[in-house]
Amino acid sequence: MTNLSVEVSSQIEQPLPGAPDNWKRFFGFSTDHKVIGIQYLVTSFFFFLIGGIFAMIIRGELITPEADLLDRTVYNAMFTMHGTVMLFLWTFPSLVGLSNYLVPLMIGAKDMAFPRLNAVAFWLVPLFGTILMASFFVPGGPSQSGWWAYPPVSLQNPTGNLINGQMLWLLAVAISGVSSIMGAVNFVTTIVRMRAPGMTWFRMPVFVWTVLAAQIIQLFGLPALTAGAVMLLLDLTIGTSFFDPAKGGDPVLFQHFFWFYSHPAVYVIILPIFGVFSEVFPVYARKPLFGYKVVAVSSLIITGLSSIVWVHHMFASGTPGWMRMAFMATTMLISVPTGIKVFAWVATIWGGKLRLNTPMLFALGGLFMFVFAGITGIMLAAVPIDIHVNNTYFVVGHFHYVIYGATVMGLYAAFYHWFPKMTGRMYSEGLGKLHFYLTLIGTNLNFFPMHPLGLQGMPRRVASYDPEFAFWNVIASLGAFLLGMSTLPFILNMIGSWVQGEKAPKNPWRAIGLEWLVSSPPTVENFEALPIVIAPPYGYGKSDPLVANPEALEVIHEPN
Amino acid sequence: MKIRTILTLVMIAIVLAVISLWIGQQAYSWLPPQASAEAQLIDRLFSFLVTLGSFIFLGVAGALTYSIVFQQAGKYDFSDGPHVEGNVPLEIVWTVIPFVLVIWIAGYSYQIYEQMAILGPMEHTHQTTAIAQRASTATGATDMQEQQSTTAIEVYARQWAWEFRYPEQNVTSTELHLPSHQRIKLSLHSEDVLHGFFVPAFRVKQDVIPGRVIDFSFTPIREGQYRLRDSQYSGTYFAAMQADVVVESPDAYQQWLTVSATHPPIAASNQAFDEYHRGQNPLNTGWKTVEPAPPPVVNAPSGQARNL
Amino acid sequence: MNPTEADASPNPPMVTSHTPAIPSVAEHGHDDAGNRMFGFIVFLLSESVIFLSFFTGYIVYKTTTPDWLPSGVSGLAMRDPAINTIVLVSSSLVIYIAERFLHAKNLWGFRAFWLLTMAMGSYFLYGQAVEWRSLPFGFTAGVFGGSFYLLTGFHGLHVLTGVLLQSLMLGRSFIPGNYNKGEFGVAATSLFWHFVDVIWVILFVLIYVWQ
Ligand code: HEA
Ligand code: HEA
Ligand code: CUA
Ligand SMILES: [Cu+2]
């Protein structure tokens with residue numbers, strides 16, 4: 001859009017003195033979705049560092065074959081807490097934070113549908129984070145049954161105490177579920193009912209579609225996990241026998257409850273990242289998103305399919321043959337709607353005018369690694385192969401490629417892309433690129449070696465291993481340490497730029513979207529008057545206006 | 001589309017296909033030795049998937065790389081790209097092609113699965129001989145008339161030890177001896193938590209579920225010593241729960257059974273038990289853990305076979 | 001390529017900018033009660049999945065457990081639970097009548113029937129408690145005992161929540177003019193009550209009828 005580039009220079013001074021530039025609001029009970037969004041992001045990043053430190057300890061132990069750095073109980077606690085923290089305290093909350101920040105802006109709303117519920121949902125995060133961390137200090141240490149908490153191991157309670165690591169773990173996960181359900185109700189209501197005039201379904205940016213698709217998964221998936229967790233908690237605390245085979249229970253039933261949610265949960269994670277890709281590529285390729293409607297709708301198809309594939313985590317768990325075959329087929333089908341998206345992004349980039357700044361680099365890197373991970377995913381879906389590699393490092397490699405390679409890279413892309421909007425400052429491109437290259441190299445060094453290891457038969461969740469596996473493990477550990485270091489330029493960049501970065505204009509990227517029509521950062525209620533949307537998103541290469549009332553969106557305040 | 005574009009595309013596809021086929025052949029070398037009939041089947045499927053996967057990955061990555069290298073905007077070029085919103089035929093093509101591929105992959109996997117005739121825990125059928133026969137023809141071994149034992153070898157998993165019982169010969173062992181080129185039948189038992197029976201060289205794996213007896217079978221075809229690993233996380237000493245698997249000629253196997261039966265049972269060495277009772281462990285945190293079961297008392301503790 | 005592909009949805013009045021013919025802003029932004037009702041329905045749908053999971057678990061246990069009933073237990077008595085069921089199910093009708101009264105701005109009618117609903121709900125809880133006390137098996141008596149108390153207990157908690165919500169709404173009806181702005185609270189409580197009823201019917205069939 002050529003007419004937008006003019007606005008780059010015209011900058012609006014901070015309106016409403018005291019509000020968006022008042023840093024104290026980030027430390028209290030605020031109901032502004034933008035404040036809550038940033039609270040989520042910062043809190044979850046803090047836990048990312050904690051989960052990352054656990055990962056560093058894991059890789060430290062695995063750099064040699066013997067269990068010589070840690071006691072085995074500590075190693076087992078480390079991977080359990082690493083997985084739990086990374087999923088429940090980093091990916092979920094950070095994506096909820098991003099969605100919180102962006103969805104109301106993108107659909108032209110002044111806030112979420114239920115601002116107070118929103119704030120309560122956020123404050124549960126530090127609460128259950130604390131509970132989880134507290135489990136390090138109870139006798140017997142934190143949960144050591146892996147993030148799946150499969151019984152009977154999770155029911156073995158050697159200390160005999162009522163308050164034990166496993167019990168606190170279950171409590172934390174339950175609170176996390178409550179928080180997520182609150183968020184999901186809020187998002188779905190907001191997206192369905194709070195869209196600005198003229199913001200029809202097929203004018204919503206794809207990010208909003210993917211958030212909707214992801215949050216619907218939370219709504220139908222989390223209750224199943226909750227049901228399983230309640231039963232496990234009862235077994236653990238008052239001695240019921242739902243999952244305890246010694247008393248006639250069925251441990252495999254728990255696996256069904258668990259994966260009925262936890263498989264779809266991986267799409268809760270990746271769908272918003274698909275949204276980020278769909279927002280970032282058009283901006284830096286200067287082309288509309290290719291096949292917008294199909295990309296949007298395929299998100300919901302993924303939501304639907306995600307609910308009928310969970311048994312692919314249980315192929316070796318005592319699953320009858322017909323079930324294996326049926327779930328193999330449904331699992332593989334997911335590659336169709338996913339492929340549609342991947343090809344659409346490639347076509348969006350193809351023939352564009354690419355600008356490789358930090359967000360674009362992260363998004364591209366994420367896309368490469370997602371395709372790789374998707375292909376190993378399809379291999380896992382093939383039952384005969386999964387029989388061999390199930391519970392080996394091949395699986396660990398697969399999911400770190402999707403989760404680190406695609407999701408964390410995608411999150412970084414989003415952080416850089418929307419940083420000027422959120423903070424009103426520009427980040428440092430140099431540090432950003434350094435961060436990107438370190439991350440790219442670190443990720444591949446760290447997680448690629450896991451594939452040959454898994455194929456060779458190295459089981460996951462082991463504190464010690466046969467010496468034949470040493471070579472690739474050393475490389476993986478070195479990669480992990482590099483990856484750990486890669487976060488330092490990011491932290492430096494974010495803090496430094498927020499404090500003293502160059503002031504950001506409304507729309508530094510010449511991007512199309514409602515959030516780019518208001519000042520950076522936006523005022524408390526986003527829009528003075530609700531925008532009247534008159535065009536579909538992604539109008540790159542045309543010069544149609546997006547809204548009918550661009551001047552009415554903000555009251556220009558005199559600088560005082 | 002112009003003829004030239006089509007030709008270029010076909011050329012690229014051929015080059016990619018050749019590279020992918022080559023990578024697919026490499027895939028065999030990424031896996032452990034093929035010590036069972038199942039391994040041959042699975043490796044073939046794996047090689048196929050690697051070929052197809054490489055093709056898809058190289059295709060997508062190639063297109064992206066081309067864009068990244070050749071389609072960057074100039075430093076002062078602030079214009080937009082062409083306003084292309086979509087292309088319905090193209091979108092249909094890239095929906096249908098993955099769909100067809102999925103059917104192909106799933107169909108092939110199903111076929112392989114059928115051939116493996118893995119005895120799932122829920123289906124206690126006995127399709128034993130077909131694959132053993134195929135295996136023997138595949139490897140040229142013809143002396144399959146060896147008496148096929150009909151009773152299963154019993155596998156007991158507990159925290160954290162493996163124990164094997166040969167009920168006919170009344171032999172117990174902590175090392176799994178198997179005759180080559182016979183359909184082996186196991187019955188898997190767990191006494192406490194979930195464990196997993198996994199021999200990478202055989203490419204077979206099955207969770208062992210307490211309270212259930214699971215029939216499991218496969219056909220070793222290569223003599224040698226392999227590793228049995230616990231594949232389902234089972235608590236503190238999970239990593240140490242491993243055992244040796246010895247595949248030997250039917251004669252040697254029979255001999256081992258006969259000799260072992262004469263040995264009086266003794267307590268085998270057990271890593272979990274040793275570590276737990278090692279007194280002052282320098283790394284100990286004092287986090288209380290489930291106490292390991294005492295070492296199995298068996299006729300043939302592991303490591304003995306080679307010293308006979 | 002078809003660059004002319006336009007948005008499918010009709011958007012005639014907004015093509016020219018600054019037309020005052022804006023689709024009503026209120027509908028899009030400030031319909032709080034509507035949003036809350038929508039959100040509440042979404043929540044109930046999600047909540048129903050918990051029950052669905054418990055039901056599925058129950059069916060799996062019932063069909064696969066060899067010794068289903070604890071020793072010495074021959075089955076569950078039907079009579080009292082059936083009476084309980086009738087009371088709870090008919091209370092759905094009673095609460096509906098209460099709502100109609102409120103709609104007709106007849107506050108006392110509303111209060112009377114509302115109170116009756118609460119009484120019926122409380123009777124149900126009482127009946128449940130009596131049944132629990134008379135049973136010869138406890139929570140830890142195998143998977144049967146576990147699932148029985150889990151299902152009835154979890155449902156009972158919902159009934160209790162319903163009654164508490166109802167007393168809150170009853171109290172609010174004494175605030176002058178409280179229901180002039182809308183009846184979201186009453187409508188939501190009533191919806192919740194119907195939900196709890198439907199769940200009970202399924203539960204009753206599963207646990208008592210299918211023995
Ligand atoms: C964000 C997270 C994420 C995502 C997106 C995915 C995506 C996929 N995953 Fe993964 N997965 C995990 C996270 C994720 N996974 C985690 C965390 C675990 C392990 C949990 C644990 O055990 O602790 C796991 C484990 C896991 C297993 C279980 C393995 C085992 O334990 O034995 C399986 C098996 O089927 C699987 C399959 C798949 C498939 C088929 C996809 C598909 O969605 C991928 C689809 C994408 C593509 C295929 C690429 C793009 C498509 C094209 C270019 C079109 C053409 C392609 C074809 C026709 C093939 N995953
Ligand atoms: C979002 C999810 C996520 C993320 C981002 C990661 C990130 C990483 N993970 Fe993993 N991982 C999981 C989710 C995730 N993981 C899950 C679900 C499991 C399964 C658990 C289970 O089996 O139950 C798992 C398991 C797992 C294992 C297998 C353990 C086992 O089976 O025995 C390993 C082993 O290498 C590993 C490694 C790593 C590494 C090296 C990183 C690195 O990317 C981390 C990089 C590090 C940082 C980013 C932090 C760096 C911080 C510093 C250097 C300190 C600086 C400090 C300050 C400034 C205060 N992870
Ligand atoms: Cu032993 Cu798992
Ligand atoms: Cu999955």
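Which protein donor does the iron atom of ligand 1 have? I looked this up before anything else. The iron atom has a single donor from the protein, A:His398 (NE2), 2.2 Å away. A donor here is an N, O or S atom within 2.8 Å of the metal (3.2 Å for Na, K and Ca), and sites may look incomplete, as water is not among the atoms.

**Entry: ground rules**

I noted that this is a predicted model, in which local features need pLDDT of at least 70, side-chain atom pairs count only at pLDDT 80 or more, and totals for chains, interfaces and linings use all residues. Residues are numbered from 1 along each chain as its sequence is written, chains are lettered from A and ligands numbered from 1 in the order in which they are written, and side-chain values use heavy atoms, with hydrogens and water left out.

**Entry: chain A as a whole**

I looked up the secondary structure of chain A and found 15 helices and zero strands. Helices (H or I, at least four residues) and strands (E, at least two) are DSSP runs, numbered from the N terminus. The C-alpha trace of chain A spans about 70 × 45 × 45 Å along its principal axes. I also noted that 72% of the 560 residues of chain A count as buried. Buried means under 20% relative accessible area, exposed over 50%, and partly exposed in between (1.4 Å probe, protein chains only).

**Entry: ligand 1**

I went back to A:His398 and found it in helix 12 of chain A. Its side chain also has an N or O atom 3.0 Å from a nitrogen atom of ligand 1. I listed two further polar contacts, a polar contact being a pair of N or O atoms within 3.5 Å (within protein, one must be able to donate a hydrogen and the other to accept it, and residues adjacent in sequence count only if both atoms are side-chain atoms). An N or O atom in the side chain of A:Tyr267 is 2.7 Å from an oxygen atom of ligand 1, and a polar backbone atom of A:Ala381 is 3.3 Å from an oxygen atom of this ligand.

I checked the place of ligand 1 and found that it lies between chains A and B. There are 32 residues around ligand 1, and A:Trp147, A:Tyr267, A:Asp386, A:His398 and A:Arg460 come nearest. To be near, a residue needs a heavy atom within 4 Å of the molecule or strand. Helix 10 of chain A gives the most to this shell, with six residues. I sorted the shell by class and got 20 nonpolar, ten polar and two charged residues. Ala, Val, Leu, Ile, Met, Phe, Trp, Tyr, Cys and Pro count as nonpolar, Asp, Glu, Lys and Arg as charged, and the others, Gly among them, as polar.

**Entry: the copper ion**

I found the copper ion (ligand 4) 4.6 Å from the iron atom of ligand 1. A:His263 (ND1), A:His312 (NE2) and A:His313 (NE2) coordinate the copper ion at 1.8 to 2.1 Å. Along the chain these donors follow the spacing H-x48-H-H. A:His263 sits in helix 6 of chain A, and A:His313, 50 residues apart from it, sits in the loop between helix 7 (292–306) and helix 8 (321–333). I compared their accessibility: A:His263 is buried at 3%, whereas A:His313 is partly exposed at 24%.

**Entry: ligand 2**

Which residues are the protein donors of the iron atom of ligand 2? I found A:His82 (NE2) and A:His400 (NE2), lying 2.0 Å from the iron atom. A:His82 is in helix 2 (residues 72–107) and A:His400 in helix 12 (residues 393–423) of chain A, 318 residues apart. A:His82 is buried, with a relative accessible area of 14%, and A:His400 counts as buried at 14%.

Helix 2 of chain A supplies the largest share of the shell around ligand 2, eight residues.
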